[in-house]
Amino acid sequence: MAFTVLAMHRRYEILQGTPITIEDHGGEGQPIVAIHGLGGSAGNWSLVGPRLAEVGRMLALDLPGHGRSGPAPSHDLEAHTRTVVDAIELHGFRRVILVANSMGGLVAKLVVATRPDLVGALVLLAPATPLPTIVVPSNPAVAARLAVQSLPGIGPLATAAIRARFTPRGQVEETLRIVMHDPTRLPADAFERAVELVRLRRTMPWASRAFAESVASVRRTLIRRSTYYGILDAVSVPTTMIFGSEDQVVSPVALRWLAGRQKTWRSIELAETGHTPMYERPDIVVREVARAVEAFAARPG
């Protein structure tokens with residue numbers, strides 16, 4: 001497995017066929033690796049990353065086709081999982097604390113399932129979870145849009161058409177209305193960085209394809225309940241789940257069901273919080289990651 005690492009201040013590019021961008025927040029000790037959600041980026045951890053660098057060695061990465069990373073032959077969950085495994089091994093880490101949001105939660109669980117030797121604990125923020133069969137989505141319009149974007153052949157075109165309706169600033173505002181209960185909680189500088197990234201991604205011809213292939217892979221996994229349950233049952237490390245009562249992307253009903261099924265997990269539901277607790281409740285996210293780090297350090301062996 002050959003890598004070339006190019007230092008760019010606190011950001012590194014890994015070249016392994018696909019250029020993968022890693023944002024290195026520094027720190028020492030226990031490695032912490034953050035995985036963003038569908039359509040997200042390493043920048044999603046900007047509010048918590050510097051503070052987690054006081055807890056351990058903190059990295060965040062852009063999955064293939066996301067953020068500033070380049071395109072890959074495939075942008076499914078398996079490709080994302082391989083990328084995270086490769087990034088962990090590149091840095092010589094063992095027993096990392098994986099912190100993951102939304103789709104990243106599925107990726108983190110797949111990393112544990114395939115390489116349990118690499119992971120010490122999980123902190124999952126609103127992980128992608130299937131709806132119980134009798135429950136309607138918390139936001140049917142968002143669910144319908146994602147369903148269209150996951151369709152073979154149509155998905156990339158639909159994604160591009162939806163994004164073309166907005167200016168870069170308007171696209172960020174629309175996204176924040178969906179993923180946050182109160183978008184005013186996001187600091188102005190973080191908002192402007194998000195707008196800058198959208199402008200950059202509009203120059204990337206693979207961006208819509210990467211999003212559509214990723215959402216299609218997530219939907220396939222969630223629909224195949226036996227596959228999804230198999231992934232859950234393979235999670236053999238201590239896990240904390242944090243989610244918001246006002247999540248419009250992953251139904252809080254589904255996340256409460258997941259908390260009930262995974263009785264050994266530590267589950268925290270936050271009032272007046274949407275799909276991105278690292279934006280809306282950064283203090284709690286930092287506290288819970290620090291708790292996971294301390295608990296792992298205290299484990300025998």
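This is a predicted model: local features need pLDDT of at least 70, side-chain atom pairs count only at pLDDT 80 or more; totals for chains, interfaces and linings use all residues.
Figure 1. The chain is built from 12 helices and nine strands. Its radius of gyration is 18 Å, close to the 19 Å that the globule rule gives for 301 residues, so the chain is as compact as a globular protein of that length. Along the principal axes, the C-alpha atoms fill a box of roughly 55 × 45 × 35 Å.

**Figure 2. The largest nonpolar core has 42 residues.** Ile35, Leu61, Val84, Ile88, Leu98, Val119 and Leu122 touch the most other members. Helix 3 (residues 103-114) is the top contributor, giving seven residues to this core. There's also a second, separate core of 25 residues, with Ala34, Ala53, Met58 and Ile284 among them.

**Figure 3. A closer look at leucine 61 and its contacts.** Setting aside neighbours within four places in sequence, leucine 61 is in contact with a run of residues including Val33, Ala34, Ile35 and His36.

**Figure 4. Arginine 201 is buried without a salt bridge.** This residue sits in helix 7 (residues 188-201). For arginine 201, the nearest side chain of opposite charge is aspartate 62, 7.2 Å away. Not counting residues up to four places away in sequence, arginine 201 touches Gly65, His66, Gly67 and Ala207.

**Figure 5. The surface of the chain.** Buried residues account for 55% of the 301 in the chain. The accessible surface comes to about 12,700 Å², and 57% of that belongs to carbon and sulfur atoms.

Terms used
Residues are numbered from 1 along each chain as its sequence is written. Side-chain values use heavy atoms; hydrogens and water are left out. Helices (H or I, at least four residues) and strands (E, at least two) are DSSP runs, numbered from the N terminus. Buried means under 20% relative accessible area, exposed over 50%, partly exposed in between (1.4 Å probe, protein chains only). Lys and Arg count as positive and Asp and Glu as negative; His and the chain ends are not counted. A salt bridge is a side-chain nitrogen of Lys or Arg within 4 Å of a carboxyl oxygen of Asp or Glu. Contact means heavy atoms within 4.5 Å. A nonpolar core is a set of buried Ala, Val, Leu, Ile, Met, Phe, Trp, Tyr and Cys residues joined through side-chain atoms within 4.5 Å. The radius of gyration is taken over C-alpha atoms; the globule rule is 2.2 Å times the number of residues to the power 0.38. Accessible areas come from the Shrake-Rupley method with a 1.4 Å probe; for residues, only the protein chains shown count as cover.
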